[in-house]
Amino acid sequence: ISMEEYEGYYGVSDGTAADRTRLDLEGECLVLSDGERTLSAETVNLEKNTSDPEASAETKRLYGYLEAVGRSEGLIYGHQGDTWMKAGTPPDGNNGFSTSDTMDLTGTIAGVVGMDTTVLSGTDFNAYWYNERIAGPLGLPNADIGAIGEVRANVKAAALLAEAAFSEGAVVTLSCHMPNFSLVQARDAYDALQDPEYGKYDFSPYTPKDLSGNPMAGLLPSGKYHAEFTAYLDMIADFAKEAGCPILFRPFHEANGGWFWWGKGACSAEQYREVFRFTVDYLRDIKDVHNFLYVYSVNDSENLRGEMESWYPGDGYVDLIGLDIYHMDPQKDDPAFWNGLDESLEAGASFSRVHGKVFAVTETGAVMSRAQAGDSYTALKRSRNADKDWFSKLLEHTAGTDSAYVLLWHNMGKYSGFHSPYAERRDEDGYLY
């Protein structure tokens, strides 16, 4: 469609980032409107009790806001890696594109911007890449690698990204694909005069799906991997303090699945609960991190309610409860998935209500079981997706539930997997492809 038609449909004018639905915080009331009528208005508890009694006022305010959105008839759209990972055309200063696929299509970044601790260790993001491709287009300061060293600069760059997203009105969430700590090695380039203590370790190899070594048994005090584990948490704490803004921290997700070393088949539910609690205690009480809201999320399953209960760390260690659910090989008519989604949403929401927590869909997307030729991995197909109304259906099934937000997984690239549509070019006639 032409940009003129696009602006007429979504209500975008004068280059401002506004759409048909608005969320306004007026005093202590959250107002959801469509421009013509008020859809719902929810009281916001600006002093909402969290798992951290010393949580910052801004963090409590965010929690109250999310709770109110969950009760409303709408929800917030989220996207992992939204402001730096793209499948669409990168900006060159003249082509009108941004560092965000969501921004290119809608005029605003996602309402929830997802990050992962892999960005802190240089696994899929580092300060060099940030300085070259992100700082300039976003107008952000560089991470001074020469002055503070590569290890600190990686953390600083990620913090600058988080701050920038929050300053634009987005909620920032930090998931946690931790390395298998039984495989972590010393970092050859460690500089004791410049690097923090966690710079001793190379956390960059991606090993969360390596189930060897029984790492969960060695993470607690006196465990053989305790030093490596707490060093990793120190890195997370530095990021939290550098960013300053409230962050939804989501460690040890999908434990009821069998694919991560912190999950079913690699550790017991009791071990999981103990390590989760230690993580919160360490960050909150030892490292004085007071801008985290802690998210406990599970993968969809046939016994979802039972597994949510089995792995649950306890009310004093959780602020939000999340559901991860993907749609494999969606067809135009696929009632089994949508009916199953409704059941899972109600199971997750009812569990959250019992425990007095905010509920969210913390990961979702349409996923193909087989990659297209030339792809390393695929989620959406580049063309001929069977259900072109998939996103509308997702909205219809989730907006009226208790879910505060729904987060699509990342856009790694055009040929390496994308979960959200993207823009490839804008022609002189004003058409966006």
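**Aromatic contacts and a bent helix**

Trp390 is buried, with a relative accessibility of 3%. In this predicted model, 28 aromatic pairs are counted in total. One of these pairs joins Phe181 and Trp261 in an edge-to-face arrangement, with 5.8 Å from centre to centre and 80° between the planes. Phe181 belongs to the loop between β6 (171–176) and β7 (185–186), and Trp261 to the loop between β9 (247–251) and α8 (269–286), so the contact ties together parts of the chain that are 80 residues apart in sequence. Phe181 counts as buried at 1% relative accessibility, and Trp261 is buried as well, at 0%.

Trp390 forms an aromatic pair with Phe391, and this pair is also edge-to-face, with a centre-to-centre distance of 5.2 Å and an angle of 85° between the planes. Whereas Trp390 is buried, Phe391 is partly exposed, with a relative accessible area of 28%.

Helix α6 spans residues 145–167 and contains 23 residues. The C-alpha atoms at the ends of α6 are only 24 Å apart, whereas a straight helix would reach 33 Å at 1.5 Å a residue. A bend of about 90° is found in α6 at Val151. After α6 comes Gly169, which has a positive phi, near 100°.

Definitions and conventions: Residues numbered from 1 in each chain as written. Predicted model: local features only at pLDDT ≥ 70, side-chain atom pairs only at ≥ 80, totals over all residues. Heavy atoms only, no water. Helix = DSSP H or I, 4+ residues; strand = E, 2+ residues; numbered from the N terminus. Expected span 1.5 Å × (residues − 1). Bend = angle between axes of the 7 residues up to and from the residue. Phe/Tyr/Trp six-rings, centres within 6.5 Å; stacked < 30°, edge-to-face > 60°. Buried < 20%, exposed > 50% of the residue type's maximum accessible area, 1.4 Å probe, protein only.
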